Amino acid sequence: MNAIAPDELVIEPLAGPLLGTTSVPGDKSISHRSVLFSAMAEGTSQVSGVLDSGDVRSSIAAVQQLGAQVALEKQVDGSLAGGITGWGSAGPTQPTRALDCGNSGTTARLLMGVLAPWDIAVTLDGDDSLRRRPMRRIYAPLMKMGVTFTPAGSEGLPVTEKGSRHLKALSYDSPMASAQLKTALLLAGLGAEGETRVCEPAASRNHTELMLPQFGVQTTAGERTASVIGPCQLTASEVHVPGDPSSAAFIVCAAVLARDSAVQIEGVSLNPARIGFTRTLERMGADVSITRTGMSGKEPYGIIEARWTEDLRGCEIPADKIASLVDEIPVLALVAAHAHGITVFRQVSELKVKESNRLAAVIEGLGRLGVDAWNEGDDLYIEGQPSLQYPCDLVFDSHHDHRLAMTWALVGLTGPNPVTVTGFDSVKISYPGFLASMEGLVR
């Protein structure tokens, strides 16, 4: 792998098949929650397996500004572990400057719920990419609970949030399946009198509902509903973060595409709301399987196995399954490019408001490979080519989006020719050791 400019990297083809056993860094979603919930709790929580990445560092820095004491140290495996002493019933302290959420939408949106029950004014900001991402979906229901945001009518960041010690509980029918929106409202509901309830049109990630009971908070959860009863105070807990399935997806897809590969990824979260990509790959005919080996709190974890699969077929992914694989659509689209027939991802408008417009970027990138990909309304179509031959001298723009950077890197890793990926440094957001993990499996 050769750097040719600060924001570009040439990705060379793998020197052999991917073989053997590996692990992936801690789950990003669970890492954020372990940090934020520990900061809210009374006492000192012990956390381990926490992902050391740009996004999670944003959450750590934010809670420190708000008064939490964070003593996390780098471990041999690259994760973070240690103690976090929360502000508890005393509440967060007034920060002296804006909270910089970096590129992390999870940090910004969840903090809005964390801050809602406290009468301090906090400015939330982020990088240029985060400033373009929609935040009104969080502001609107929180305002119904009694939170104020200025400037009034703001759609994004920066924004100043003023919480209230007299929040009103809310029953909210969400227009979208969003774990970040759901979590923000549930965390705000911990400071409200009565039941705060969120109903979604499809199931979203349920890490919050699974983790809050570890901190002494009773939650009620169905497939598409979740609720808490406030007021309620979190108490310190112990959390171990399993491996991130979204990171594992890139190794899995690489193994499916790279001839004669066979890999095992151990210690991965097997939360059903997070492994929709494995079910999609199975429907494509890929040789992929999962085995549960244990539980971390209420989070199942285990092994994902994947082998090179020569004959792949297109399939349709319905709208109600998209939330369970939305972050993996770019790399699944690359696999679909090799399949026989058309693959359809239904209702993927959320891709337009991620770290980049991933819908447009996927269509553009696949076009560079000579693959027909298009959208009709909010549906993404990909017409695969089973004998797809990659052109030479390919250059992909990651748009500084970590998921796109790793997706286009797979073109170089699993293909016959090097490719150049601009903005590859963005992988630090979620998987800093991505290339090292891939190289470590080459035999």
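Guide: What follows takes a helix, an annotated residue and a strand residue in turn. This is a predicted model, in which local features need pLDDT of at least 70, side-chain atom pairs count only at pLDDT 80 or more, and totals for chains, interfaces and linings use all residues. Residues are numbered from 1 along each chain as its sequence is written, and side-chain values use heavy atoms, with hydrogens and water left out.

Visitor: Which residues of helix α9 are buried?
Guide: In α9, residues 276-283, they are G276, F277, T278, T280 and L281. Buried means under 20% relative accessible area, exposed over 50%, partly exposed in between, with a 1.4 Å probe and protein chains only. Helices (H or I, at least four residues) and strands (E, at least two) are DSSP runs, numbered from the N terminus.

Visitor: What do they pack against?
Guide: The buried residues of α9 pack against α8, β18, β19, β20 and α10. After α9 comes G285, with a positive phi near 95°.

Visitor: Where does UniProt put the "active site"?
Guide: The unreviewed UniProt entry places that feature at D327; such annotations may be inferred rather than shown by experiment. D327 sits in the loop between β20 and α10.

Visitor: Why does D327 count as buried?
Guide: Because its relative accessibility is 10%. Not counting residues up to four places away in sequence, D327 touches R205, S246, K354, R358 and R403. Contact means heavy atoms within 4.5 Å.

Visitor: New topic: where is F149?
Guide: F149 is in strand β9, residues 148-150. It counts as buried because its relative accessibility is 6%.

Visitor: And how far apart are the C-alpha atoms of F149 and Y139?
Guide: They are separated by 7.1 Å, with the two residues 10 apart along the chain. Leaving aside neighbours within four places in sequence, the contacts of F149 include Y139, M112 and V159.
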